Amino acid sequence: MVKKDGKIKIRSMGIYLPEKVLTNLDLEKMVETSDEWITTRTGIKERRIAAEEQVTSDLGVAAARQALDRAGLKPEDLDLILVATNSPDTLFPSTACWIQKKLSTREMPAFDLQAGCTGVLYGLIVAEGLILSGVCRRVLLIGVDILSKITNWEDRTTCVLFGDGAGAFILEESDDDSGLLSHFWGADGSLGELLMLPGGGTLHPASEQTVKEKMHYIHMKGNDVFKHAVKRMGESILEALKSAGLDKHQVDFLIPHQANLRIIDAIGERLDLDPEKVVVNVDRYGNMSVATIPVALYELQEEGKLQPGKIVAMVAFGAGFTWASAIYRW
Ligand code: UT7
């Protein structure tokens, strides 16, 4: 039974961003595109790309180590490793288990959660249930993706959009006023085909044909996704604010999933928020899928903006379609 008056909090955070920077000018040499098109249509200027030898768990481990260090904890102090990803090291075992191996933790549960770009917020909600019901005391939640390895680098409609990165949260029950105040989540599987990686599962098992038809890469009907993203993220944040008993004007910072600056601006406008309150890093990292929100939150803290009491609204949308929002008092 979840304690109704309880809250979970983010005890510490960590991130990892690969060193290699790929700029729009670099992309101009790879596909028929331009810095001008990418900038005006998406707001992206550059993104990070994982090294050839790096796998998803490597990025996740780096972010996790930083979060553990910052909390003064050791891997054995955790109760659960929960990884949100859409680009796992292997279909199985889960990336969470590979991360457990690399962190050399004691035995503990570890599993992946797949919910498109919404994964980290879904993870926060799952962790809340597990912590407040007493199943776990301390959860390591990681959002990590290496989309560059599942991107068709000949498809200009997708390859200019994505980047690689990781963020990690150590989650515990809150002992003060801070923490996760409310959330809202949803999905509509009937629209799944608009954003998918069709090959390699049981629907289209890997074959010469799936490789030839580039089915092991991200396929997206960008325009359709765009419309649904704006609608669902806008609605979802209002629902979560309502559950928290807060008005949109009480939001100090809005962290929307970073897919496209035009989507981010549209949500900020819908909520009638001062642009300074809307967190943007899509220009520097592109769409890192599940890593966008943890990296943005981490950077906000690094900038010294997360004073106690600040209200942070986070909202995401992704493949599935899935969407979720979370209201957090720092
Ligand atoms: O993270 C999960 C959620 N994902 C998203 O939220 C992504 C949502 N979608 C988007 O961000 C936008 O739809 C895109 C950035 C993907 C595309 O922007 P758009 O304004 O919807 O463009 P479009 O797809 O309607 O394409 C407009 C034109 C087309 O040419 P024609 O048919 O008008 O001649 C495209 O072929 O732009 C062309 N185009 C490009 N031109 C130069 C598409 N990609 C490129 C490119 N460079 N990279």
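This text walks through the structure from its overall form to single residues.

The model is predicted, so local features need pLDDT of at least 70, side-chain atom pairs count only at pLDDT 80 or more, and totals for chains, interfaces and linings use all residues. Residues are numbered from 1 along each chain as its sequence is written, and side-chain values use heavy atoms, with hydrogens and water left out.

Start with the whole protein. Its C-alpha trace spans about 55 × 45 × 35 Å along the principal axes. Next comes the radius of gyration, which is taken over C-alpha atoms. The rule for a globule is 2.2 Å times the number of residues to the power 0.38. With 330 residues, a compact globule would have a radius of gyration near 20 Å. The protein has 19 Å, which agrees.

How much of the protein is buried? Of its 330 residues, 55% count as buried. Here buried means under 20% relative accessible area, exposed means over 50%, and partly exposed lies in between (1.4 Å probe, protein chains only). Now look at contacts, meaning heavy atoms within 4.5 Å. Take the contacts with a separation of 6 or more: residues 24 or more positions apart account for 76% of them.

The protein has 11 helices and 13 strands. Both are DSSP runs, numbered from the N terminus: helices are H or I with at least four residues, and strands are E with at least two.

Two strands pair if DSSP finds at least two bridges between them.

Gly 318 stands opposite Thr 322 in S13. In the loop between S12 and S13 you find Phe 321. A cis peptide bond joins Gly 320 and Phe 321, with omega about -15 degrees.

The unreviewed UniProt entry annotates residues 241–330 as "domain: Beta-ketoacyl-[acyl-carrier-protein] synthase III C-terminal". UniProt positions are given in the numbering used here, feature names are shortened, and annotations may be inferred rather than shown by experiment. Over residues 241–330 the chain is 32% helix and 22% strand. The end C-alpha atoms of this stretch are 15 Å apart.

Another cis peptide bond joins Phe 92 and Pro 93, with omega about 0 degrees. Pro 93 is in the loop between strand S4 (80–84) and helix H4 (95–103).

Move on to Ser 104, in the loop between H4 and strand S5 (110–113). Its phi is near 50 degrees, a positive value in a residue other than glycine. Is Ser 104 buried or exposed? At 58% relative accessibility, Ser 104 counts as exposed. Ser 289 has a positive phi of about 55 degrees, although it is not a glycine. Ser 289 sits in the loop between helix H10 (282–285) and helix H11 (292–302). At 2% relative accessibility, Ser 289 counts as buried.

Gln 66 is in helix H3 (residues 56–71). At 22% relative accessibility, Gln 66 counts as partly exposed. Leaving out residues up to four places away in sequence, Gln 66 touches Met 13, Gly 14, Ile 15 and Tyr 298. Gln 66 and Gly 167 are 101 residues apart in sequence, and 9.5 Å apart in space, C-alpha to C-alpha.

Finally, how many disulfides are there? A search of the whole structure finds 0 disulfides, a disulfide being a pair of cysteine sulfur atoms within 2.5 Å. Cys 136 is in no disulfide; the nearest cysteine sulfur, that of Cys 97, is 14 Å away. Cys 136 is buried, with a relative accessible area of 8%. Cys 159 is in no disulfide either; the nearest cysteine sulfur, that of Cys 117, is 16 Å away. At 0% relative accessibility, Cys 159 counts as buried.
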